[in-house]
Amino acid sequence: MFRLACVSLLALAFATPAAVARPVEGMLTYLARVALPAGAEIVIEARGLQDTLLAETRFQTGGRQVPLPFALTLPDGVSARIRAAVVMDGQPLWVSDAITVTAGDTPVALGEIVLNSFQPMGFASTLRCGDVRLRVGFFEDRAVLETETDRLILSQVPAASGAKFEDPADSGTFYWSRGDTALVSLAGEELPECVAVPPEPDQPYRARGTEPFWSLTIAGGQVELIPNIGMAPVRTRLPRAGLDGADFVFDMASAGMVLRLSETICRDLMTGTPYPQTVSVTWQESDLQGCGGESIDLLAGVEWVVEDLDNAGIVDSANVTMEFDAASRRLAGRGGCNRYNAAFDLSGEGLSIGPAAATRMACAPALMEQEQRFFAVLARISRFDIDPTGALLLYSNDQQEPLIKARIAE
């Protein structure tokens with residue numbers, strides 16, 4: 001969810017400038033048949049690691065209506081999250097979801113970006129419905145229901161008890177409060193009974209290294225460095241980042257520390273486990289090298305399409321996929337014939353996948369035989385890696401060659 005607050009706008013004004021060379025273009029629109037008011041302003045932000053501002057553009061609509069083209073430039077070699085908004089008198093009217101641009105140096109054409117009507121959430125609370133977590137808030141006579149993928153605006157409808165809010169276009173999507181519990185249905189699928197739970201705090205950023213065994217944590221704008229096991233922590237505020245080429249550099253002179261983050265996959269020296277960033281910390285006379293971020297971020301949030309199984313290729317008509325869910329620690333996808341899901345465990349020691357549970361559709365014998373081999377191979381996986389081309393490689397400890405090779409779906 002995208003919010004433009006006064007603090008954020010001040011941060012934009014004083015953010016460290018960066019050399020820019022990579023053009024990005026797109027077109028903003030929305031589906032509602034309403035006109036933009038006079039004086040509306042377009043704001044587009046691109047942010048990188050630790051929410052570092054990479055680029056920003058803003059312009060008055062001047063009476064123009066959607067679709068509205070925009071352009072900005074990004075630094076070469078860094079990834080970015082781009083968000084757009086239509087703002088009136090400092091308040092967002094229309095906002096986009098975050099769009100991820102991967103690191104590179106070629107022009108980026110985002111195409112048409114559909115904006116959604118912004119609805120503020122009051123009295124927001126977090127719900128747990130079985131294994132699903134949701135946020136619900138209220139605005140006038142409407143409820144705003146946030147799932148992992150959608151932000152739904154529900155209208156209040158009559159109910160025999162409690163308060164019920166329903167999607168005007170789909171009666172199978174509703175939130176129904178019943179005292180201490182609630183019922184939620186999404187597109188006709190009713191979730192287990194929902195109860196209120198404390199909201200999850202923002203996840204801290206962590207980096208670590210060996211020889212010496214150091215660790216660094218960033219949370220709430222504070223940095224904590226433990227230079228080695230048993231040493232007292234060094235704490236200081238996180239400054240605004242600068243860019244040195246494609247590296248994000250945080251100069252903490254008051255603590256005698258410089259932190260450098262590179263969006264280059266790093267592998268733990270002891271276990272070989274990959275992490276999203278390569279990290280270096282200069283502190284006093286020490287030059288600490290290690291890995292940053294969480295391994296799950298290399299796996300989750302995308303659909304992987306299997307292109308090789310146990311060095312035997314894939315049946316041409318097969319569609320074998322894998323999607324890792326970070327929150328539930330579940331793997332799901334298509335086995336080539338049936339849909340499946342399985343639990344997985346990921347730690348600094350490796351990756352393991354539990355037995356797969358699948359539907360029972362019948363397919364061509366070749367597809368069914370391959371699917372059973374796929375499920376059997378999943379149960380043998382003990383570690384993963386990402387190769388220089390971006391392919392996911394899944395290994396068993398008793399094999400030098402990957403048992404599964406997959407790529408992000410296009």
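This is a predicted model: local features need pLDDT of at least 70, side-chain atom pairs count only at pLDDT 80 or more; totals for chains, interfaces and linings use all residues.
**Ground rules**

I number residues from 1 along each chain as its sequence is written, and side-chain values use heavy atoms, without hydrogens or water.

I looked up the strand order first. Helices (H or I, at least four residues) and strands (E, at least two) are DSSP runs, numbered from the N terminus. Two strands pair if DSSP finds at least two bridges between them. I found an open sheet of 9 strands, ordered S22-S21-S20-S19-S29-S28-S25-S24-S23, with antiparallel pairing. Strand S22 (234-237) and strand S23 (242-244) are at the edges; each has a single partner strand, so one side of each has no neighbour in the sheet. From one strand to the next, the twist averages 25 degrees. For such angles, axes are lines fitted to C-alpha atoms (for helices, over the stretch in contact), and values run from 0 to 180 degrees between N-to-C directions.

Strand S20 (residues 214-219) pairs with strand S21 (residues 222-226) over 5 bridges, in the antiparallel sense. Leu 216 is opposite Leu 225 in S21.

**Entry: the sheet of 3 strands**

Another open sheet has 3 strands in the order S4-S1-S8, and its pairing is mixed. Strand S1 (residues 22-29) and S8 run parallel, joined by 5 bridges. I noted Ile 113 in S8 as the bridge partner of Leu 28.

**Entry: Gly 313**

Where does Gly 313 lie? I placed Gly 313 in the loop between strand S30 (304-309) and strand S31 (321-325). Its relative accessibility is 21%, so Gly 313 counts as partly exposed. The classes are buried under 20% relative accessible area, exposed over 50%, and partly exposed in between (1.4 Å probe, protein chains only). Leaving aside neighbours within four places in sequence, Gly 313 contacts Glu 307, Asp 308 and Gln 370. Contact here means heavy atoms within 4.5 Å. I also took a C-alpha to C-alpha distance: Gly 313 and Arg 83 are 39 Å apart in space and 230 residues apart in sequence.

**Entry: salt bridges**

My criterion is a side-chain nitrogen of Lys or Arg within 4 Å of a carboxyl oxygen of Asp or Glu. How many salt bridges does this rule give? The count comes to 17.

Arg 135 bridges to Glu 146, with the closest N and O atoms 3.0 Å apart. Arg 135 is in strand S11 (residues 132-139) and Glu 146 in strand S12 (residues 142-146), so the pair ties together parts 11 residues apart in sequence. Arg 135 is partly exposed at 29%, whereas Glu 146 is buried at 12%.

Glu 307 came up again, this time with Lys 405 in a salt bridge (3.9 Å, N to O). Lys 405 lies in strand S38 (residues 404-408) and Glu 307 in strand S30, so this pair ties together parts 98 residues apart in sequence. Arg 407 also meets Glu 307 in a salt bridge (3.3 Å, N to O). Arg 407 lies in strand S38 too, so its pair with Glu 307 in S30 ties together parts 100 residues apart in sequence. Lastly, I logged one network: salt bridges with shared partners join Glu 45, Arg 47, Asp 51 and Arg 81.
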